[in-house]
Amino acid sequence: MPRFMLLILALLVAAPAAGQVRPFPPSFVERDIATNGTTLHVRIGGKGPAVVLLHGYGETGDMWAPLAADLARDHLVIVPDLRGLGRSARPAGGYDKKTQGQDIGGLLDALKIGAVDLVTHDIGNMVGYAFAAEHRDRVKRFVLMDAPLPGVGPWEEILKNPLLWHFRFGGPDMERLVAGRERIYLDRFWNEFSATPAKFSEASRNHYAALYALPGAMHAGFEQFKAFDQDARDNQAFLAEGLLTMPVLAIGGDHSFGANMAGVMRFAARNVQSAVIKDSGHWLIEEQPEATVAAVRAFLDAKP
């Protein structure tokens with residue numbers, strides 16, 4: 001194939017992943033920061049008290065652009081891609097959430113940041129909980145959005161939901177099945193877990209599908225789920241050390257976890273508030289960005 005054709009092909013393949021669906025403010029910088037035996041791709045912007053935003057499966061740190069833009073007015077906003085996902089490195093192991101919580105601790109150490117507010121979604125909830133449980137003095141307020149914690153509260157009942165068959169889906173044959181079909185696989189999540197699937201835009205779908213089609217990204221995603229049994233054991237050990245005491249806001253979409261999100265968190269934390277976002281499924285930032293940002297902002301701004 002002529003060299004110019006190879007260049008054009010490379011540009012076409014890279015284009016969907018190169019830009020962000022909704023860009024972060026231009027004041028944000030992007031860095032690759034070594035931590036805990038891996039390297040995380042991180043967006044950093046704003047000034048003030050530090051807040052860390054952790055994404056979940058089917059997305060990357062790019063999902064947080066609307067909230068990051070709002071918080072950067074008076075916060076230092078730190079938005080990593082989780083280990084193995086997005087533009088972060090893909091190490092062979094370490095996808096249990098305790099190790100990934102230690103990734104976040106190392107990231108903050110590298111940035112010379114002590115205590116933070118923490119806002120998380122989906123698998124980010126699990127990483128955030130592990131970090132908060134191991135570093136209780138470093139999390140001032142904790143917002144968790146629309147996903148359970150392995151081994152906590154009604155976990156075994158949650159596992160019986162047929163919509164969550166993907167928790168046990170993985171391995172080499174499954175990777176072969178989805179190779180080149182990443183968009184088909186991910187569309188299932190974006191459609192079935194939305195109140196209104198059209199609100200997870202075509203641009204967003206193309207963007208994230210391209211990122212998950214990068215070498216090793218689907219494998220890393222399956223490893224996130226494969227680690228759930230270990231996560232459950234780790235979380236039981238954290239619970240044995242006592243409930244979290246920092247203020248917690250549990251947010252659920254009314255077509256998804258709803259008020260049950262707070263019910264789950266009351267098994268893990270003492271001071272839990274609840275917020276339910278109307279006309280939303282699991283993808284709160286995509287489906288109802290204004291209401292979700294307002295709920296997070298109100299909680300973080302509230303006086304202790």
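Buried means under 20% relative accessible area, exposed means over 50%, and partly exposed is in between, with a 1.4 Å probe and protein chains only. The model here is predicted, so local features need pLDDT of at least 70 and side-chain atom pairs count only at pLDDT 80 or more, while totals for chains, interfaces and linings use all residues. Residues are numbered from 1 along each chain as its sequence is written, and side-chain values use heavy atoms, leaving out hydrogens and water.

**Exercise 1.** Work out how the rings of Tyr185 and Phe222 are arranged.

*Solution.* 
- Start with the cut-offs: rings of Phe, Tyr and Trp (its six-membered ring) pair if their centres lie within 6.5 Å; planes under 30 degrees apart are stacked, over 60 edge-to-face, and the rest tilted.
- Now the numbers: the centres of Tyr185 and Phe222 are 5.9 Å apart and the planes sit at 70°, so this pair is edge-to-face.
- Helices here are DSSP runs (H or I, at least four residues), numbered from the N terminus.
- Finally, both Tyr185 and Phe222 are buried.

**Exercise 2.** Decide whether Phe238 is buried or exposed, then find what it touches.

*Solution.* 
- Find Phe238 in helix α10 (residues 228-240).
- Phe238 has 4% relative accessibility, so it counts as buried.
- Skip residues up to four places away in sequence, and Phe238 touches Lys98, Tyr129, Ala130, Ala133, Glu134 and Arg136. Contact means heavy atoms within 4.5 Å.

Technical notes. Helix = DSSP H or I, 4+ residues; strand = E, 2+ residues; numbered from the N terminus.
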